[in-house]
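Open the model in your viewer and keep the selection tool at hand. This tour goes stop by stop, telling you what to select and what is there.

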Amino acid sequence: MIGLRDGPRLLAMLAVLGLALACLASCTSGKHPGSEESAAWVKIEGATYADTDACITCHEDQSTHLAETLHGKKNDPRTPAAKHQCQSCHGPGSVHVKNHEDDKEGLNDIIRFSAKAGFPPAQLTAQCLSCHESMTKSRWHSTLHALNDVSCVSCHSAHSPKGKPQLKLENEVETCAQCHKDVRAQLERPSHHPVREGKLTCSNCHTPHGSGHDKEMKKTGVNDTCFQCHQDKRGPFLHEHPPVFDNCANCHTPHGSNNTRLLLADPSDLCQMCHQGSGHFGLYDNSTSIEGGGSPSGRAWAPGTRSMGRGCLNCHTKIHGSNHPSGMFFNR
């Protein structure tokens, strides 16, 4: 039976299905963005391949830098350098050379990957996908990155990469942080995954080129992603804790928290977001006076008990699930 809380998840699934059907229609029409046929619509009208030496005459620095990258390995038949060299990516350059000889300033007389040239991101991505059409990157068209006009050159640099693979910046985290500044800030909080320490990086959980899963996660859901490292929390358990079984993010935030163990709130306050019943030691209700008044049993409770030490976890230590026959309250 489908519950109310499944609504957002179903909407996300329908959105992904719609994008997949649109992409399938594009593929069956013979105009898939990564195909040789589609690469032709990016090329400059009337342009033919020029002598590569003409490129080096003006762009010697770019040629030197390219030779130091994977794209510039002429002995590898898969690389641009082994095909039309510069023009493998920038398109046939005869019009560009002609304009230079005539002292014309035509910005779009060749395919340029800079923002000021004005080429749509989808066109620039099509140039890259004409070679990089692996299974992972073929899902690119259904990603939020593609829908938000992010292109390959937003993250990668063919001529002057500073990190691997061909990244514009030194590492993945800094590259992703260009846009995801809120996540970058969360990583600076006291409780965080060891991203700052270099033991984890964004691609341990996400894939930027498309996965078909929510948040571009590598696995099918939050729990399966977390279980890659936290296998002791997987279960199955004799006594399951429903919010744990449902989604780790019900209690934890993955990128950083001011609370211990990446919790959304202080342990006791977090538990009482769901467990608000009265009559339990340390819980306040209308019959419990903050000044130490009486409870239904006539026992006076001191204020602040719920916040002592680890709070609820002082007793309910197996909060992720218990296999003990008497552990239905996650205390064994």
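The stops below begin with the whole chain and then move to single residues and pairs.

**The whole chain**

Start with everything shown. This is a predicted model. Colour by secondary structure: the protein chain has 13 helices and 2 strands. Its length is 332 residues, of which 27% count as buried. Now think about contacts with a separation of 6 or more: residues 24 or more positions apart account for 47% of them.

**The nonpolar core**

Select Ile-44, Ala-47, Ile-111, Ala-117, Phe-119 and Leu-124. Together these 6 residues form the largest nonpolar core. Stay on Ala-47. Beyond its neighbours within four places in sequence, Ala-47 is in contact with Pro-92, Ser-94 and Val-95.

Go to the loop between helix H8 (144–147) and H9, where Pro-165 is found. The peptide bond from Lys-164 to Pro-165 is cis, with omega near -5°. Step on to Gln-166, which lies in that loop between H8 and H9. Phi of Gln-166 is positive, near 55°. Most residues other than glycine have a negative phi, and most peptide bonds are trans. Is Gln-166 buried or exposed? Gln-166 is buried, because its relative accessible area of 15% is under the 20% cut-off.

**Helix H9 and Thr-175**

Next, select helix H9, residues 172–176, and pick out Thr-175 within it. Thr-175 has 5% relative accessibility, so it counts as buried. What does Thr-175 touch, not counting residues up to four places away in sequence? It touches Cys-155, Leu-167 and Leu-169. Now show the backbone of Asn-171. Its oxygen lies 2.8 Å from a polar atom of the Thr-175 side chain.

Glu-174, Arg-184 and Glu-188 are linked in a network of salt bridges.

**Other salt bridges**

How many salt bridges does a search of the whole structure find? The search finds 5. Side chains of opposite charge can pair when their charged atoms come close. Select Arg-112 and Asp-109, whose side chains meet at 3.4 Å, N to O. Asp-109 is buried at 5% relative accessible area, whereas Arg-112 is partly exposed at 23%. Then select Asp-76 and Arg-78. The closest N and O atoms of this salt bridge are 3.0 Å apart. Arg-78 counts as exposed, at 66% relative accessibility.

Move to Pro-236, in the loop between helix H11 (222–226) and strand S1 (239–240). A cis peptide bond joins Gly-235 and Pro-236, with omega about 5°. Finish at Leu-262, in the loop between helix H12 (242–246) and helix H13 (267–271). Phi of Leu-262 is near 60°, a positive value in a residue other than glycine. Leu-262 counts as buried, with 10% relative accessibility.

Technical notes: Residues are numbered from 1 along each chain as its sequence is written. This is a predicted model: local features need pLDDT of at least 70, side-chain atom pairs count only at pLDDT 80 or more; totals for chains, interfaces and linings use all residues. Side-chain values use heavy atoms; hydrogens and water are left out. Helices (H or I, at least four residues) and strands (E, at least two) are DSSP runs, numbered from the N terminus. Buried means under 20% relative accessible area, exposed over 50%, partly exposed in between (1.4 Å probe, protein chains only). A polar contact is a pair of N or O atoms within 3.5 Å; within protein, one must be able to donate a hydrogen and the other to accept it, and residues adjacent in sequence count only if both atoms are side-chain atoms. Contact means heavy atoms within 4.5 Å. A nonpolar core is a set of buried Ala, Val, Leu, Ile, Met, Phe, Trp, Tyr and Cys residues joined through side-chain atoms within 4.5 Å. A salt bridge is a side-chain nitrogen of Lys or Arg within 4 Å of a carboxyl oxygen of Asp or Glu.
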